[in-house]
Amino acid sequence: MSLMRDTKYIKSINGKVSAIGMGTWGIGGGYWSPDYSGDDEWVRVLREGIGLGMTLIDTAEMYGGGHTEEIVGRSIKGFPREELFIVSKVWPNHARYDDVLRSARASANRLGTYIDLYLLHWPAPEVPICETMRAMERLVDDGVIRFFGLSNFDVNGIEEARSCLSKYDVAAVENRYSLLHRVDESSVIPYVQRNGMLYLAYTPIEKGAFSNNEFLMGIGKKYGKTAIQVVLNWYVGIDNLVPIPKAGRVEHVRENAGAMGWRLSRDDWELISNHFH
Ligand SMILES: NC(=O)c1ccc[n+]([C@@H]2O[C@H](COP(=O)([O-])OP(=O)(O)OC[C@H]3O[C@@H](n4cnc5c(N)ncnc54)[C@H](OP(=O)(O)O)[C@@H]3O)[C@@H](O)[C@H]2O)c1
């Protein structure tokens, strides 16, 4: 049986990804966490999420100084590799051609596998974007990564990066987007949709801020769902967009996965959209 229960087809990767993914910022350290319970617990949490169908995992060389990628690598062991979609990122201080190659190989080593999608984490003003893009194309040719993209870029930046490419194209953009942070709605998201790319929405649940929202809880009652599940399902209703909530606890991961496999009615979707505008 396939792990992927609720998916979206994305033209730029000519394949499907899970309708909701998992973020990993904070997993494996990087900041002090009162809930720290060790790598084994994080592995358990991520494995639970994969088993529930959140097969897209977002990580980065910067998270936990590389340790997060090691935890992701442990977590994916035993799952069918082709059903997973592993995203990692190169930090802008490694945006030079040789550094990108080195960083990607180090990330793949820590993950114990190739990278499905490799992103430039933030724009690197001192490095010409064409130099970074050239390295990305080389990594695809070398089989280290399957696709590449950009994070924290606006439409002009994306267009500039695309103009350097001859062999492959930018497959994805990862930016901040939530019901409370909707800047990309009139720019990057329609651009990405028009071009058949994947849009990864980070900080989608605003660190859990929607949990006790009475308006969302009211809508959720109709569906037997929580406020967070309503928010996550609202994103599922947007073409080409995949939210990547991070959860460090099993109960959160289960709740987030419960936002898949059903759909808000169009009326409720609009109601939520207008409520937060
Ligand atoms: N590309 C970039 O520049 C960039 C920047 C920021 C983030 N990201 C990526 O996006 C991911 C998500 O963003 P984020 O971590 O900033 O914020 P987020 O996913 O909106 O929020 C994460 C927080 O929400 C809590 N949470 C998770 N599920 C919950 C639930 N069902 N109910 C209540 N609280 C819940 C988590 O708690 P517990 O951990 O205790 O479960 C955690 O404190 C990151 O992990 C990272 O992978 C990328």
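Ala, Val, Leu, Ile, Met, Phe, Trp, Tyr, Cys and Pro count here as nonpolar, Asp, Glu, Lys and Arg as charged, and the others, Gly among them, as polar. On that basis the shell around the ligand divides into eight nonpolar, 11 polar and eight charged residues. The model is predicted: local features need pLDDT of at least 70, side-chain atom pairs count only at pLDDT 80 or more, and totals for chains, interfaces and linings use all residues. Residues are numbered from 1 along each chain as its sequence is written.

A residue is taken as near a molecule or strand if its C-beta atom, placed from the backbone, lies within 6 Å of it. Of the 27 residues around the ligand, G23, W25, G208, K246 and G248 come nearest. Helices (H or I, at least four residues) and strands (E, at least two) are DSSP runs, numbered from the N terminus. Helix 9 (residues 250–257) gives the largest share of the shell, three residues.

A residue is buried if 20 or more other C-beta atoms lie within 10 Å of its own, exposed if 12 or fewer, and partly exposed in between, with C-beta atoms placed from the backbone. The buried residues of helix 9 are V253, E255, N256 and A257. They pack against helix 1 (39–51) and helix 8, where contact requires C-beta atoms, placed from the backbone, within 7 Å. R249 lies in the loop between strand 9 and helix 9. With 14 other C-beta atoms within 10 Å, R249 is partly exposed. The C-alpha atoms of R249 and E48 are separated by 9.9 Å, although the two residues are 201 residues apart along the chain.

Seven strands form an open sheet in the order 3-4-5-6-7-8-9, with parallel pairing. Strand 3 (56–58) and strand 9 (241–243) stand at the edges, each with a single partner strand, so one side of each is left without a neighbour in the sheet. Neighbouring strands are turned by 25° against each other on average, direction ignored. Axes are lines fitted to C-alpha atoms, for helices over the stretch in contact, and angles run from 0 to 180 degrees between N-to-C directions. Helix 4 (residues 129–141) packs on the sheet and touches strand 5 (115–120) and strand 6 (145–151); its direction makes about 155° with that of strand 6.

Two strands pair if DSSP finds at least two bridges between them.

| Strand pair | Bridges | Opposite residues |
|---|---|---|
| Strand 3 and strand 4 | three bridges | D58 and V87 |
| Strand 5 and strand 6 | five bridges | I115 and I145 |
| Strand 7 and strand 8 | five bridges | A172 and L198 |

Strand 4 (residues 85–90) is mostly covered, with six of its six residues buried. F85, V87 and K89 lie on one side, I86, S88 and V90 on the other, and both faces are covered. In strand 6, six of the seven residues are buried, so this strand is largely enclosed by the rest of the structure.

**Nonpolar core**

A nonpolar core is a set of buried Ala, Val, Leu, Ile, Met, Phe, Trp, Tyr and Cys residues joined through C-beta atoms within 7 Å. Of the 82 residues in the largest such core, L117, Y118, V231 and V242 touch the most other members. Helix 8 (residues 227–236) supplies the largest share of this core, eight residues. Leaving aside neighbours within four places in sequence, V242 is in contact with K8, V17, A19, I20, G21, L56, L198, L200 and A201.

Technical notes
Contact = placed C-beta atoms within 7 Å.
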